[in-house]
Amino acid sequence: MLKGVLRDYAAFFLRKGLALEVAIAMVIGQQITDITRSLSNDLLMPLLMPLLHAGNWHRWSIAYFDNTIELGKLIDMGLNTVITGFALYLILKATGRGSRSVD
């Protein structure tokens, strides 16, 4: 029974071309992640550094009892998420797959 389920799953996964599509999506996703990290860390944040008074923004943290809240990492993740979303939006618009209007 398990052999039949595995065989059916392999046929479905390979017949639909999902393996290749998933592999391509992962590679492209990693490249977009690297680009957005570079945009955030090497372009945007150095431009904002004169406005920030406390040196390296990645090290910003708030003491909370015996722990710390890593505020700099949170800001970095949020900025990277916004940049990644915008890059994906531009890619979808360029390929004609983006929606024409947002409701």
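**View 1. Phe65, an exposed aromatic residue.** At 77% relative accessibility, Phe65 counts as exposed. Exposed means over 50% relative accessible area, buried under 20%, and partly exposed in between (1.4 Å probe, protein chains only). The model is a predicted one, in which local features need pLDDT of at least 70 and side-chain atom pairs count only at pLDDT 80 or more, while totals for chains, interfaces and linings use all residues. Residues are numbered from 1 along each chain as its sequence is written, and side-chain values use heavy atoms, with hydrogens and water left out.

**View 2. The ring pair of Tyr64 and Phe65.** The structure holds two aromatic pairs. In the pair of Tyr64 and Phe65, the ring centres are 5.0 Å apart and the planes stand at 75°, so the pair is edge-to-face. Rings of Phe, Tyr and Trp (its six-membered ring) pair if their centres lie within 6.5 Å; planes under 30 degrees apart count as stacked, over 60 as edge-to-face and the rest as tilted. Tyr64 counts as partly exposed, at 48% relative accessibility.

View 3. Ile62, Tyr64, Phe65, Ile69, Leu71, Leu74 and Ile75 make a nonpolar surface patch of about 710 Å². Such a patch joins nonpolar side chains (Val, Leu, Ile, Met, Phe, Trp, Tyr) within 5 Å, from residues with over 30% relative accessible area and no salt bridge; a salt bridge is a side-chain nitrogen of Lys or Arg within 4 Å of a carboxyl oxygen of Asp or Glu. Areas come from the Shrake-Rupley method with a 1.4 Å probe, and for residues only the protein chains shown count as cover. Strand E1 (62-64) and helix H3 (71-95) each supply at least two residues of the patch, and the largest share, three residues, comes from H3. Leu74 lies in helix H3 and counts as exposed, at 57% relative accessibility.

View 4. H3 has 25 residues and reaches 36 Å from its first C-alpha to its last, close to the 36 Å expected at 1.5 Å a residue. The expected span is 1.5 Å times one less than the number of residues. Helices (H or I, at least four residues) and strands (E, at least two) are DSSP runs, numbered from the N terminus. Within H3, Gly72, Asp76, Asn80 and Ile83 are buried. The buried residues of H3 pack against helix H2 (18-48), where contact means heavy atoms within 4.5 Å. After H3 comes Gly96, whose phi is positive, near 80°.

Conventions
Patches are made of residues with over 30% relative accessible area and no salt bridge: like charges are joined within 9 Å, nonpolar side chains (Val, Leu, Ile, Met, Phe, Trp, Tyr) within 5 Å.
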